[in-house]
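I opened this notebook to record what I looked up in the structure.

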Amino acid sequence: MATVDMAAVDGTTGSRPGRRLRTRLSREPGRERRRDRRGARRGRGAATAAGLAAALALSLAAGCTGGDGSGGDGRDTGRPPGGTSTAAHGQVLAVKIDNVPAARPQTGLDAADVVYVEQVEGGLSRLLAVYATRLPETAGPVRSARESDLELLRQFDRPLLAFSGAQSKLLPLIDREPLEAVTPEDEADAYYRGTDRAAPHNLYLRPGRVLPSAPGGAALTTGFRYGPAPEGGTPTASRTVRYPAARFTFTWSGEPRRWEVAMDGVPAVTADGRRLAPATVVVQYVDVRESGYHDSLGSRTPYTRTTGSGTALVLRDGRAHEVRWQRPLAAGGTRFTTRDGRPVAFAEGQVWVVFARAS
């Protein structure tokens, strides 16, 4: 077998140390081993369910942790009443995408059904792209996971999470989550290093090597509704969301009726030159606070809480709608309603959800 160094190089996290991994010359045997390994993960998940429940209960009681990341941070990881879980609709693929200027333009973002934007260390941003209706040939650059991703992903049925590493004390928590990790350590033949930019901004995933086909729209258990626009709204040409060291501007384009994205003042395009332009943009105001984890420089990682309730701004069809959001349990999707409680529908097409700090 050929040998390739697939070290998870990540300057912002204490990721797993680099290791020598063996690529698979035959994809079919690799798929068999992958299925065996995922079966083992499911078995371990069942065996540790009681321990996880106890750990989560302790986490919720403890509140935010100190620097060792040994306690909880107030995440709501509860299941719906009666102990039911998200119905099995198929596995979505979620990919952590680098978003510093050196990582742009990204690959495969235009194929995502939902793109989540979250704040990370230093006031910068990172993206979580969720794929259900189609898979791109390549997605990336892939970077490290954050604690906030775990609560966010509980709305899906055992999603695949592709990432390049995580803060070392976060890794055990990821291993206990109801998801399947897709890392260079786990799936060496699914990743490659590009040659057009320097590490760590050059790690890419081939989604077709970890998911045989797109699961379809039923797997998007986000709670989002699609249909005619709500009444009212304010005519809006553009909207900007600012983080301490990043900003996103969404500008309405009447043709093809999309919100064109700019990042840090620069038009956002894919690696093949196509403009990123979702049909709907949600600016969701949430609680953002320090987590119990930090990067390799000692900076605390922001924790974005996506359960609870609050206000949001829905941009669609050239108008902005002030709405409310509710997500009582991490295992459920998010419901968006008007001030008088009527459901708010999104436009058909890609959705970007930008998590902004509530004032």
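The model is a predicted one. I then searched for the partner of Arg-154 and found a salt bridge with the side chain of Glu-177, at 3.1 Å from N to O. Arg-154 sits in the loop between α3 (147-153) and β6 (160-162), and Glu-177 in the loop between α4 (171-176) and β7 (180-182), so the pair ties together parts 23 residues apart in sequence. Glu-177 is also buried, with a relative accessible area of 3%.

Next I turned to Arg-104, whose side chain forms a salt bridge with that of Asp-264 (3.0 Å, N to O). The loop between β3 (93-97) and β4 (114-119) holds Arg-104, and the loop between β14 (258-263) and β15 (266-267) holds Asp-264; the pair therefore ties together parts 160 residues apart in sequence. I noted Asp-264 as partly exposed, at 27% relative accessibility.

My next entry is the salt bridge between Arg-274 and Asp-272, at 2.8 Å from N to O. Arg-274 is partly exposed at 47%, whereas Asp-272 is exposed at 51%.

I also recorded a network of salt bridges that links Lys-96, Glu-118 and Asp-149. The count of salt bridges comes to 16.

Finally, I looked up the whole chain. The protein chain has four helices and 22 strands, and buried residues make up 52% of its 359 residues.

Conventions: Residues are numbered from 1 along each chain as its sequence is written. This is a predicted model: local features need pLDDT of at least 70, side-chain atom pairs count only at pLDDT 80 or more; totals for chains, interfaces and linings use all residues. Side-chain values use heavy atoms; hydrogens and water are left out. Helices (H or I, at least four residues) and strands (E, at least two) are DSSP runs, numbered from the N terminus. Buried means under 20% relative accessible area, exposed over 50%, partly exposed in between (1.4 Å probe, protein chains only). A salt bridge is a side-chain nitrogen of Lys or Arg within 4 Å of a carboxyl oxygen of Asp or Glu.
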